[in-house]
Amino acid sequence: MATQLLMPKATAVWLVDNTALSFDQIAAFCTLHPLEVKAIADGESAQGIKGLDPLITGQLSREEIAKGEKDPNHKLKISDPKVRVPETKRKGPRYTPLSKRQDRPNAILWLVRNHPELKDAQISRLIGTTKSTIEQIRNRTHWNSNNLQPMDPVTLGLSSQIDLDIEVERSSRNRPVQPGEGGDTLLPASATENLDIQPTVREEDQELDADKVFAKLSSLKGRQDDEDEE
């Protein structure tokens, strides 16, 4: 477990006021810029910040400060903590603030309608609810089912968009493709190689028959002569 310095700027204020360490040494130890440490020494920065003694917090020893004061090139090393507290991993559903708990049924309804591929355990992780509540909303047996309105949990602040995308991608990874989801595709060769497709011939592309043409012209001419005699 990496040890981090507590309140770096407050520690820098104390080191500037109580030691002869250089600005570069203090900046390196407190993860600040040397110019920022210089501004602290000049009173231009960190005004009103009370210095934090790293000796009291156990993050720096007197011997380490003495080494730094004697050797300007010495880099201060943070002391190892005497007690190491292991990082606890969060288990169970996500904690939801009391002010937003009333919005959880609406978020569950939104997820059930818009992402039916999500499992109850995934919905529980996303918005911090129980499987029984999810089942009641799925089956429309929730006590307030008639008044529920589907609302995006990201908009409600119950979940982040990144977490939602991860759960959706995880549930869709092994889901079979449903008919129509892949769009139009080409037919396989086995289904098209034996098709008897006859091209349609337009009437104007057919070969002209001379007798039919002259007969049609003669009939039109005779009809015109009759009209002239009348």
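E167 has its place in helix α10, which spans residues 161-172. The model is a predicted one, in which local features need pLDDT of at least 70 and side-chain atom pairs count only at pLDDT 80 or more, while totals for chains, interfaces and linings use all residues. Residues are numbered from 1 along each chain as its sequence is written, and side-chain values use heavy atoms, with hydrogens and water left out.

With a relative accessibility of 8%, E167 counts as buried, a term that means under 20% relative accessible area with a 1.4 Å probe and protein chains only. The side chain of E167 is joined to that of R125 by a polar contact of 3.1 Å, where a polar contact is a pair of N or O atoms within 3.5 Å, one able to donate a hydrogen and the other to accept it, and residues adjacent in sequence count only if both atoms are side-chain atoms. Leaving aside residues up to four places away in sequence, E167 touches L118, Q122, R125 and L126, contact meaning heavy atoms within 4.5 Å.

The chain as a whole has 12 helices and 0 strands; these are DSSP runs, of H or I with at least four residues for helices and of E with at least two for strands, numbered from the N terminus. Of its 230 residues, 28% count as buried.

Two nonpolar cores can be described, a core being a set of buried Ala, Val, Leu, Ile, Met, Phe, Trp, Tyr and Cys residues joined through side-chain atoms within 4.5 Å.

| Core | Residues | Members include |
|---|---|---|
| Largest | 18 residues | L15, I26, F29 and C30 |
| Second, separate | 17 residues | L118, L156, L164 and V168 |

In the largest core, L15, I26, F29 and C30 touch the most other members. The elements giving two or more residues to this core are α1, α2 and α3, and α1 gives the most, with 5 residues. I26, not counting residues up to four places away in sequence, touches A12, L15, V16, L21 and V37.

Helix α3, residues 34-41, has V37, A39 and I40 as its buried residues. Seen down the axis of α3, these fall within an arc of 155°, so they line one face of the helix; the arc is that of the directions from the helix axis to the C-beta atoms. What covers them includes α1 (8-18) and α2 (23-30). After α3 comes G43, whose phi is positive, near 80°.

Methods: Buried means under 20% relative accessible area, exposed over 50%, partly exposed in between (1.4 Å probe, protein chains only).
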